[in-house]
Amino acid sequence: MSVAELICPAGTPSALRTAVDAGADAVYCGFQNATNARNFPGLNFTPQELEEAVAYAHGRGAKVLLALNTYPPAGRTALWREAAEIGARVGVDAVIVADMGVADHIARAHPGIRLHLSVQAAASSPEAIRYYCAHFGVKRVVLPRILTIAEIRQIRKEIPCEIETFIFGNHGLMVEGRCSLTSYLTGQSTNMDGVCSPASHVEYVRHEDGAMTSRLAGFAIDRFGPDEKAGYPTICKGRYNAPHRPEGYYAFEEPISLNLAPMLHQLIEAGVHAFKIEGRQRSKSYVRTVVSAFRKAVDEIRAGRRADLDGLVALTEGRKQTQGAFATKKWR
Amino acid sequence: MSEIATRIEAGPPTPGGALSRVACLVAQPFLTRIVRRIAQRHPALFARLGAHCRTDYVIDPVELPFALHLRPDPERLILRATPRDRLPPAGASIRGRFLLLLELIDAEQDGDAAFFSRDLEIGGDTEAVVRLRNALDDVDGSIAEEAADMFGPPGRAILAQLRRRYRHVEPQGDGR
C-alpha cells in the first residue's frame, strides 16, 4: 500500500494553519503574483508569511509545497527565479513546477529542492513523465484528471517517480497548461498570469425573476434560472446557444466537482502516492471541512477499514459531483 | 425545509421608513465601535484589500430592517447602518440571510458554496468582493465574537440571541 499523503490547499496563512490543524500531510500555496496558477486578488502569501507558514507546518510535522506552476513569458523570468530563491531560503519541502525552464533553473540553482511536476505541465504519458524525471530530477508528478485508474496503474509501472492525483475539487478537464480560453476574452492568461476568469472581468447580473447571468469581459457565460444551482464563471463551464442547440448547452464541461471519495482504496492500490485536494481559492471553512473528512477517510483505509465519506456535496460546484475519467471516459 | 423555500427572496425587503431609520440610529454607535476595534486588531486586512479599501460595499442582510454601507478605508473607516432607500451607489454588493453573512465573516461557511447554492448574491465589482472575502478569511478566530466581547456579557448574549433567532431559517446542505 502506498503512503497516501494528503496534500491540501491554502490561499492564506490562516487557511494553511487550518489545513495543518485538520490533518494535512502537506499544504501547497503560492506567492501574491503571477508565479502560481491561483493569482487571485487578496489571495496568497508574502515571503514573510510563507516563512512563518513553513515554521508553523514543520513544527507540526507537515510539509509546505510551493506552487511555481505558471509559464514565464519571454524575457520575464526574474519573478520566477526570485520566487524559487525565496522558497529555497525559507525551507519549503518541494516546489511544484510546470515550465521546463523553471524546472531546469531550480534543478541547477537549488539542487537540494525537491521538484514536483504540476498538473499544469499536462504530462499524461510515461514518456513525458520520464523526460521530466531524467532531465530535471522530478520526484513526483501530479497527473491530469483525464486518466482512468487502470491507466494510472499502468503509468505507475513505467515511471521512476511518485504519483499525485486530485481527489476533490475542480473537475479540470481542459488540457491544463495549454488552455487559452480566458485569454481570448480578457487578454490575461491562465498559464502566464495565473488567472482563469480574473475577478476584475467577471460580472453577475441579477434579473427581476430571480435569474442570474454571469458575464466574463461583457460576454454572457451562463444564465441560471431562479432555482438553478450556479457554477464558476469560466468559459469552459459556460452554457451556450448554438443553431443546433437553441435551448443552450454546456459545450465543454458542466459546473460539477470531482469527488473521488469512493475510489480512494482503488487509487492507493493503483500506486498513487499522494491525494490532492483542489481549492486554494476556497475559504477556510472549505479547507477545514474537506481536509478533516479526507483525513479521517485515509486513516480508516490505512487501518484496513472501509471509509465512509459523504456530505461534501454542499461544497461542490453546481452542487454536483462526479468521478469523471477516473471511473469512465464516458461520464457525460 | 426545501432549498427553494430557504433561498433569499427575490424582492428587496424593508426599503426604508420610520422603523428602518430608528433601527439604524440604535445600531450605529455599536457598528462604529466594532469596525474601529476590528480594524485596530487586524491591520493585515487592509493589505489584502489593496486599492479596494476605498470601495463602497453594500452588505444587505435581507431580514434586517437596514443594510450596511462599508468603506474599509483605514484613514476613514465607515460601517454605517442605512435604510435601503438611502444607500449610496455600491461599488460592490453582497446580499444574503443575516446568519449566512455572519458565518461568512467568521469563515464558518464557504462563500463559493453559498454562491453555488444561490444563497448568496454578489453584484458590482467582483474583484472587490473577492478581495474582501479573502481578507476576512485570513483572520483567525471569530470577528463576530470579538465584536460581542467588546460589550461584555450583554454583547455575548445579544450575539447568541441573534444566532438563535436567525438559525431556524438558514438553509442546510441537502447531503445529496
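This is a predicted model: local features need pLDDT of at least 70, side-chain atom pairs count only at pLDDT 80 or more; totals for chains, interfaces and linings use all residues.
Of the 332 residues of chain A, 61% count as buried, a residue being called buried when its relative accessible area is under 20%.

The secondary structure of chain A consists of 10 helices and 15 strands. Because its radius of gyration, 19 Å, is close to the 20 Å that the globule rule gives for 332 residues, chain A is as compact as a globular protein of that length. Along its principal axes, the C-alpha trace of chain A spans about 55 × 50 × 40 Å. Among the contacts in chain A with a separation of 6 or more, 62% are between residues 24 or more positions apart. With regard to charge, chain A carries 39 positive and 34 negative side chains, and the centres of these two sets lie 2 Å apart.

One element of chain A may be described in detail. Helix α1 of chain A, which runs over residues 13-22, is mostly covered, with eight of its 10 residues buried. The buried residues of α1(A) are P13(A), S14(A), A15(A), L16(A), T18(A), A19(A), V20(A) and A22(A). After α1(A) comes G23(A), whose phi is positive, near 110 degrees.

Chain B contains eight helices and five strands, and these elements follow one another along the sequence in the pattern α-α-α-β-β-β-β-α-α-β-α-α-α. Of the 176 residues in chain B, 56% are buried, and chain B exposes about 8400 Å², of which carbon and sulfur atoms supply 58%. In chain B, residues 24 or more positions apart account for 68% of the contacts with a separation of 6 or more.

The two chains also meet each other. In chain A, 45 residues are in contact with 37 residues of chain B, where contact requires heavy atoms within 4.5 Å. The area buried between chain A and chain B is about 3200 Å², and carbon and sulfur atoms give 45% of it. Of the area that chain A buries against chain B, 19% is supplied by Y204(A), R206(A) and R319(A), which is more than any other three residues supply.

Terms used. Residues are numbered from 1 along each chain as its sequence is written. Chains are lettered from A and ligands numbered from 1 in the order in which they are written. Side-chain values use heavy atoms; hydrogens and water are left out. Helices (H or I, at least four residues) and strands (E, at least two) are DSSP runs, numbered from the N terminus. The radius of gyration is taken over C-alpha atoms; the globule rule is 2.2 Å times the number of residues to the power 0.38. Buried means under 20% relative accessible area, exposed over 50%, partly exposed in between (1.4 Å probe, protein chains only). Lys and Arg count as positive and Asp and Glu as negative; His and the chain ends are not counted. The place of a charge is taken as NZ of Lys, CZ of Arg, CG of Asp or CD of Glu. Buried area is the accessible area (1.4 Å probe) that two parts lose on being put together, summed over both. Accessible areas come from the Shrake-Rupley method with a 1.4 Å probe; for residues, only the protein chains shown count as cover.
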